[in-house]
Amino acid sequence: MQQFLESTNHSTRYKHLNCVTLFLTRFKLLHSELDKMAQFGLENDIHSILKLDMPITNAPVARWQRKTSSSNNSGLSCLTPGKSSNVSLSSSKTPSKTPGKGKKTPSKVGADRFIPTRNSNQMDVASFLLTKENEPVDPNNTTSENQKAWSVSLNGFNIEDAKILHLGGKPLNAPEGYRNNLKVLYSQVATPASVKKTRYISSTPERILDAPDLRNDFYLNLLDWSSRNVLAVALHNNVYLWDATQGDITLLMKMDREEDYICSLSWTKEGSYLAVGTSDSTIQLWDVDNQKRLRSMGGHTARVGSLSWNDHILSSGSRSGNIHHHDVRVANHHITTINGHSQEVCGLKWSPDGRYLASGGNDNLVCVWPRVQDGSASNGSQAVHCWSEHQGAVKALAWCPWQPNILASGGGTSDRHIRIWNVNSGSCITSLDTQSQISSLVFAPNYKELVSAHGYAHNNVVIWKYPTLTRVAELNGHEDRVLNLTLSPDCSTVATVAGDETIRLWKSFEVDPVKKAKERMVKSTGGTFHHSIR
Amino acid sequence: MTSTLKGITLKGSTELVAEFFSFGINSILYQRGIYPPEMFTRVTHYDMSLLLTTDSKLKNYLTNVVSQLKEWLFECTVQKLVLVITCLETNEVLERWQFDIECDKSAKESSAPREKSIKTIQDEIRSVIRQITATVTFLPLLETPCAFDLLVYTDKDLVVPEKWEESGPQIISQSEEVRLRSFTTSIHKVNSMVAYKRADSV
């Protein structure tokens, strides 16, 4: 037995000195154990090791560990501390306090015990492991002691001394959607007029109307909203009226030939007459109340894609590039022809004060024309301004209702810029790249904003603060390019028509009643945005 | 007020402490934004403006707890009241308001009133509630929707009343603790403390 142990010792002699001492301590332990155990377990073990017909696997590996930890040897191990107290550095009373440590460490130390460098602390560990780790944990003593210690340190109270109770059922939750934020803490005191309210702009349309057979043609103007709150829309060769107050739909007219189609619509200021430009180069005047055509005016050589009223003067822009002024009161309606554009005139707007006519064409020009004087035909054909800054077709034109000398224009796919012009000075005040084709512009006076309708690439409507042109909101929803945009007579809603054959109404500019009354006054003095004379 | 000047009995002390808890819990719920401010109304008590909930369900819940607590206060069997604020989604305990209650059990035997005026007690209570209000300046913002629960630590031999259940202590794993003022009615002594999740441990 001794020989066997010593041979094991020989094999490890080349190891570090610490390692040797570690083993020596173990031998001391084993010696002391051997004294006690004498003829029992160890001898049996050695026998079983030496017998070749016995399974060898459980013999040499961690022999002493398994042996000492086995239950039949526990009594012996218990006695060892006293015997090996000259080696042991730790007191025999400690183990119960650190049972977790004792259970974890041995395998670790066993695994790295051939690593040559060890710090001196390891000696304590080694002696502890040899003397104490295998001491049986007294279940009664430690659990109660531990539990007490744990519960005091964890719970802050002794479980034996108190009960924790709470009223059954779930504690009440705050209402759905409620979010606690700093505001809740600090906005309590009513501070009137401290923060300027930012209004809520709904991201969804208030209404969606179907517009089947709508011509998806950028150059046409197929939507207009009258001062009597009637929305007119041209669907191929039909003109439909939608009464926004009642919700009634009426079919105003239908062109006789299927291949013809409506190209433009424009209400008079009063909203009782509708001008309709068609693909067969004529302009029809309709009395909406009686649903009766009043007259049909020819003169153009190509389709009439844009119309604008200035009291009794109706101006029309054609694909030929010509703009005609018509006096609708007289039989010989044609007053003037303006030959300023070389390509289709797709944008045409009289200023709210009736002094200027703005026109935009597929030739990328924006022109401003003076008012037509009755009887002086030559006067009106000389442009006040002609700007060529846009790099794309100019369809979007809007006059500022509260600053009559301000004109906004927007370019097509190759341009994508909104430009603000001062008509008095002839200068471009600001320009902004919108990254998207601009099909329509309108000023919304309620909050002094500019609204733009976009085609490629975003197909949306954007609300801009004027004059800073900072983005206020984006109205997304159309699935194709937005073709036209028009403001309701109360300026609270904007209607858009798009290539996805829908008309969407966005109630984005509602005002409180006080401001509304003020706004109405401005309107009565300044005239409507659409068509007015002064 | 002449009667109160004579001193305070166990019954009166119970009333005062229960009232403190009612206002205290309401203040915490309001100040910590557990419920929206619209659910609270201003009342004047302890010579200060306090907020009480107007929500009938919440009110009912709090009344139930406080009235039960009152019983225990009277029996001197309650040790602590803890208001636990947990995150609704993760159920993690974010804040723990602990009120340790020390009961003078000798008051149960001798009914002789103690020498302490109601005004002094209320002054003490007021400063505790002021401190609760002031804690919002240093407590971390509760960014997620939260729920609360009330735990009552009672004596071990107490019979658990109907609808009440035993619960865990709901300790915050890594917490910072701030002791608040205490007050005493000379029968019940209430020590206040708030523990909250340490910001760097989040």
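This is a predicted model: local features need pLDDT of at least 70, side-chain atom pairs count only at pLDDT 80 or more; totals for chains, interfaces and linings use all residues.
Local features need pLDDT of at least 70 and side-chain atom pairs count only at pLDDT 80 or more, while totals for chains, interfaces and linings use all residues. Residues are numbered from 1 along each chain as its sequence is written, chains are lettered from A and ligands numbered from 1 in the order in which they are written, and side-chain values use heavy atoms, with hydrogens and water left out.

**The chains**

Helices (H or I, at least four residues) and strands (E, at least two) are DSSP runs numbered from the N terminus. A residue is buried under 20% relative accessible area, exposed over 50%, and partly exposed in between (1.4 Å probe, protein chains only). A contact means heavy atoms within 4.5 Å. Accessible areas come from the Shrake-Rupley method with a 1.4 Å probe; for residues, only the protein chains shown count as cover.

| Chain | Helices and strands | Accessible surface and carbon/sulfur share |
|---|---|---|
| B | five helices, eight strands | about 9,300 Å², 50% |

Chain A has 534 residues, and 50% of them are buried. Among its contacts between residues at least 6 apart in sequence, 50% join residues at least 24 apart. In chain B, 52% of the 202 residues count as buried. For contacts in chain B between residues at least 6 apart in sequence, the share joining residues at least 24 apart is 72%. The elements of chain B run in the order α-α-β-β-α-β-β-α-α-β-β-β-β.

**Loop residues in chain A**

A:His333 sits in the loop between β13 (323-327) and β14 (334-338). This histidine counts as buried because its relative accessibility is 12%. Leaving aside residues up to four places away in sequence, A:His333 touches A:Arg295, A:Met297, A:Gly298, A:His325, A:His326 and A:Asp327.

A:Glu501 belongs to the loop between β28 (494-498) and β29 (502-506). With a relative accessible area of 32%, A:Glu501 is partly exposed. Together with A:Asp210, A:Asp213 and A:Glu258, A:Glu501 forms a negative surface patch. Patch residues have over 30% relative accessible area and no salt bridge; like charges are joined within 9 Å, and nonpolar side chains (Val, Leu, Ile, Met, Phe, Trp, Tyr) within 5 Å. A salt bridge is a side-chain nitrogen of Lys or Arg within 4 Å of a carboxyl oxygen of Asp or Glu. Lys and Arg count as positive and Asp and Glu as negative, with His and the chain ends not counted. Each charge is placed at NZ of Lys, CZ of Arg, CG of Asp or CD of Glu.

**Backbone geometry**

Most residues other than glycine have a negative phi, and most peptide bonds are trans. The bond from A:Tyr456 to A:Ala457 is cis, with omega near 15°; A:Ala457 lies in the loop between β24 (449-454) and β25 (461-465). Another cis bond leads from A:Tyr466 to A:Pro467, with omega near 5°, and A:Pro467 is in the loop between β25 and β26 (471-475).

In chain B, B:Asn91 has a positive phi near 65°. B:Asn91 is placed in the loop between β3 (78-87) and β4 (93-103) and is exposed, at 57% relative accessible area. B:Ser186 also has a positive phi, of about 75°. The loop holding B:Ser186 runs between β7 (175-184) and β8 (188-197), and B:Ser186 is partly exposed, at 25%.
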